[in-house]
Amino acid sequence: MATLTDLCQSIVTGNVAQAKELTQALVDAGTAPLEIINDGLIAGMNIVGPRFKNGEMFVPEVLMSAKAMAVGMEIVKPLLSDTDMPSKGTIVLGTVKGDLHDIGKNLVGMMLEGSGFKVVDLGIDIAPEKFVEAIKEHNPQIVAMSALLTTTMPAMKDTIDLIKEEGLKVKCIVGGAPVSQGFADEIGADGYAPDAASAAELCTKLVG
Amino acid sequence: MQRYQILTQNEIEKIHETSLRILEEVGVVFSYAPAREILAKGGAKVDGQRVYFPPAMVEEALKKAPSSFKLHARDPQKDVVIDTKTTTYVGPYGSPYVIDLDKGRRESTLEDFINITKLEYMMDNIDVMSHIPCEPNDIPAEKRAAEMCYLTLKYSDKPLMGSVLGYENAKKNIEMAALVFGGVDVIKEKPVIISIPCTLTPLSYDDKMAGAIIAYAEYRQPQLINSLCIAGATTPATVAGTVALQNAEILAGIVLAQLVSEGTPIVYSASSSNAEMRYGTLSIGSPEDAVFSLVNGQLAKYYNLPCRISGALSDSKCCDTQAAYESAVTLTMAQMAGGNFILHAAGIIDGYATTSYEKMMIDDEIIGMLRRIDRGVTVNEDTLAFDVIKEVGPQGEFLSHEHTFMHFRSEFYQPVLSDRQNADQWEKNGALTAEQRANARWKKMLEEYVEPKLDKDIDAALIKLKDS
C-alpha cells in the first residue's frame, strides 16, 4: 500500500512516474488532499532543499524533484479550493525589455515553484508597462526580473521606476549573469540573487 | 598547429551528419525577417521563424568560405594572416567588471576600457584588438558601439574586431574602419575588421546577430560565426550531443553569410563549455571546456576553416592560483587543438564577467610559453650539434661555447613575469609574488604607452562619423 513516506521518497529521488502513481493511490485510498501535499509532496521538497544547499544534490536532480512534486500537485489540486491551496505567495517573473534570454529565468521559475510559490512567467522581452499590467492583474508579493546582457540591464531600472511611479506595493528582485548586488542597490531593487537556488531562498526571506 | 586529436575521423563525420540532420529536421529559428528571406531564396524551407536546411545547401556553402585570409592593420607590419595552421591571440571581450590589486572589483568604466585597450596594444603577444576588452559602462549603451570602435582605432594600430549589436551598429563600425583604409570599396578585397556574431542557443539567431552577419558579409569582412553552448543547460549534457547541436548552429550562420556574399571570410567559432550543476550556471575553467576545444578544433579542420576556440579562461573571482591553473589548461588545450583565433586569450576570470588587469600579464606569459611550444623543434646538422658535443666532450660545459651563444635566444623562451632567481635574490628584490609583479608590470606598460600616429583628417572624419 502506498504511504506518504513513499511519496516523499519519490519526490526526493525525482521519480516522476512513481510520484504520480503514489499520489493517485493515496487519493484513491481516501487520504486527505492537504495531508498528501504537506506530508508527502512538500515534505519531499523540504528534504531536497537542504541537500541541494549542502552540495549533495545538483540542479538537474532538484528540477526533477520539482517536476515530481508538480505532477502530484496536478492530481491533488482539483480536490481543493483555491483558498485551501498552500502557497508561499505569488511571483511575477520575466526577462526585461530587449533581452531574449529565457533559460536562466525558466530555471528560477522552476526553483521557485519547487519551493512552494505560485509563479506567473511573463516570458522574455517584457516592457516595464507589461510588468506593471501583470502586477495589477496577479497582485504578487514579488516581481523578479532577469537580464543577461549589459545593454538591457538599464531596463531593470526603468521597470522598477515605473512600478514605484504607479505606487504598486511589490518587492522587486533582479538577477542574471552581469547583474550584481551593487547594481541591485543602485537601481533600488529589494533583492538580488546570484543563482536560481538563492533566488528561491531570497523570495522565501522576502515574504517571511 | 593541431597537435592533439581526441576523436577519430569516423566520429567527426558522425557529428557532422547529426548536425546536418538537426538542420534539416529540427531547424533553426531566425527572428530577423531579412535573414529568412535570404535563406529561403538560397533553398532553405521556411516555416514561420523556423528555417530548415537541406544538407546539400549546407555542404555547398561550406566549400565557399576561404581557409585563409589576411586581416589588415593600420600598421601593415601588424597585419595578421588567419588560416588553419597559425595561432592568433586576441584580448578579452565584453566583461562588465574589472578587477585589480589596488582598487578591487568594480563596474568597468571608460577609463578601464582605455587602459586595457592600451595594454592590448602594448602586449606583443596580442595580435588583434578585441574592441571591447571591458564594457565602458559610463557611456550610454546606444553610443558604445561607435565609441569603442573609434577608441580602438585611435589607441592602437593593430587589426581590430567590431560591433555585432545589430545591422546598423555593425555597418557603422565597418564604415569607420573603412575610413582608415581608404573607403568601403577598398576593404571589400582587403578585410580590416573582424566580428563575432553569436547564436542564441539552442538553435536560434536573434535580430541583432543575424543583422550583423548580413552587414559583415555585405562588406566582405571576416566573421567568427560563434556558438557558446552550456552543456547540460542550453544543450545536452553529453559532449557529443552538445557539439552536434553547436555545429548545426554554426553551419546555419555560415550558410547565411555565404548566401549574402560568396567567399566572405569565416572563422569557425565554438566556445562551448559546461554548466556547473550546483548552480546551473556557466563554468569556463573546466576540463570539459578543454575537451570541447579538442573536438571543435578537429571539426574546423574537417571543414578546412580557421578555428576559434576557448581562451585563457577561468571561473576564479580574482587573479589567484585557480585563475592561473585554469587558464594554463584551457589555453594550452586551445593551442594543442589547433585554435587559429583565440579570443579571450588574456585577462578573463569570473566566467567572462570580469577582466583582471594582473591576469592580462599572467596570460601574456602563458601565451609566450605556448608560442614557444608551438614553434617546436628544429632538427638539422647545426642543431644536432654533433661537432660541438665532440669538441666539448665528457665533463666539459656548454655555457661558454659559441654554439650556445648563437642558439639560446631562439631556442629558449625568456619569461616576462616568472621568477627564476635564487631565493636570496628574490627576497632581496622584495619577495614579490607573481600577482604583485603583474601589478607592477601593467602599470609600467601604461606609463610607457605612446599613442600610434593617426592622420588628423582621418581622425576628424572618424569623429564625425562616430557622432553622426
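# Close-up views of a predicted two-chain model

Figure 1. With 208 residues, a compact globule would have a radius of gyration near 17 Å; chain A has 18 Å, which agrees. The model is predicted. The C-alpha trace of chain A spans about 55 × 35 × 30 Å along its principal axes. Its secondary structure comes to 9 helices and 5 strands. Read from the N terminus, the elements of chain A run α-α-α-α-β-α-β-α-β-α-β-α-β-α. Buried residues make up 50% of chain A.

**Figure 2. A positive phi in a loop of chain A.** Which loop holds A:D125? A:D125 lies between β2 (118-121) and α6 (128-138) of chain A. A:D125 has a phi of about 55°, a positive value, although it is not a glycine. Most residues other than glycine have a negative phi. The relative accessibility of A:D125 is 39%, so it counts as partly exposed.

**Figure 3. Chain B as a whole.** Chain B has 18 helices and 20 strands. With 468 residues, a compact globule would have a radius of gyration near 23 Å; chain B has 23 Å, which agrees. Along the principal axes, the C-alpha trace of chain B spans about 80 × 55 × 50 Å. Of the residues in chain B, 57% count as buried.

Figure 4. Which helices supply them? Helices α13 (381-384) and α14 (386-392) of chain B each supply at least two residues of the negative patch. B:D382 has 42% relative accessibility, so it counts as partly exposed.

**Figure 5. The loop between α13 and α14.** B:A385 lies in the loop between these two helices of chain B. Is B:A385 buried or exposed? B:A385 counts as buried because its relative accessibility is 10%, and the cut-off for buried is under 20%. Phi of B:A385 is near 55°, a positive value in a residue other than glycine.

**Figure 6. A nonpolar patch on the surface of chain B.** B:V377, B:V379 and B:L384 form this patch. Together they have about 340 Å² of accessible area. Where is B:V377? B:V377 is in the loop between α12 (357-375) and α13 of chain B. The relative accessible area of B:V377 is 70%, so this residue is exposed.

**Figure 7. A buried salt bridge in chain B.** The side chains of B:R106 and B:D100 meet in a salt bridge, at 3.0 Å from N to O. Both B:R106 and B:D100 are buried. Over all chains, the count comes to 23 salt bridges.

**Figure 8. A salt bridge within one helix.** B:E175 forms a salt bridge with B:K171. Their closest N and O atoms are 3.8 Å apart. Both residues lie in helix α6 (residues 167-181) of chain B. They are 4 residues apart, about one turn of the helix. B:E175 is partly exposed, with a relative accessible area of 24%. B:K171 is also partly exposed, at 25%.

Figure 9. B:K466 and B:D467 meet through their side chains in a salt bridge, at 3.1 Å from N to O. With a relative accessible area of 13%, B:K466 is buried. B:D467 is exposed, with a relative accessible area of 53%. Elsewhere, salt bridges that share partners join B:D75, B:K78 and B:D157 into one network.

**Figure 10. A cis peptide bond in chain B.** Which residues does the cis bond join? The bond joins B:T201 and B:P202, and omega is about 0°. Most peptide bonds are trans. B:P202 is in the loop between β10 (193-195) and β11 (204-205) of chain B.

**Figure 11. A valine in helix α11.** B:V329 is found in helix α11 (residues 321-336) of chain B. The relative accessible area of B:V329 is 44%, so this residue is partly exposed. B:V329 and B:I213 are 116 residues apart in sequence. In space, B:V329 and B:I213 are 32 Å apart, C-alpha to C-alpha.

Conventions:
Residues are numbered from 1 along each chain as its sequence is written. Chains are lettered from A and ligands numbered from 1 in the order in which they are written. Side-chain values use heavy atoms; hydrogens and water are left out. Buried means under 20% relative accessible area, exposed over 50%, partly exposed in between (1.4 Å probe, protein chains only). The radius of gyration is taken over C-alpha atoms; the globule rule is 2.2 Å times the number of residues to the power 0.38. Patches are made of residues with over 30% relative accessible area and no salt bridge: like charges are joined within 9 Å, nonpolar side chains (Val, Leu, Ile, Met, Phe, Trp, Tyr) within 5 Å. Accessible areas come from the Shrake-Rupley method with a 1.4 Å probe; for residues, only the protein chains shown count as cover. A salt bridge is a side-chain nitrogen of Lys or Arg within 4 Å of a carboxyl oxygen of Asp or Glu.
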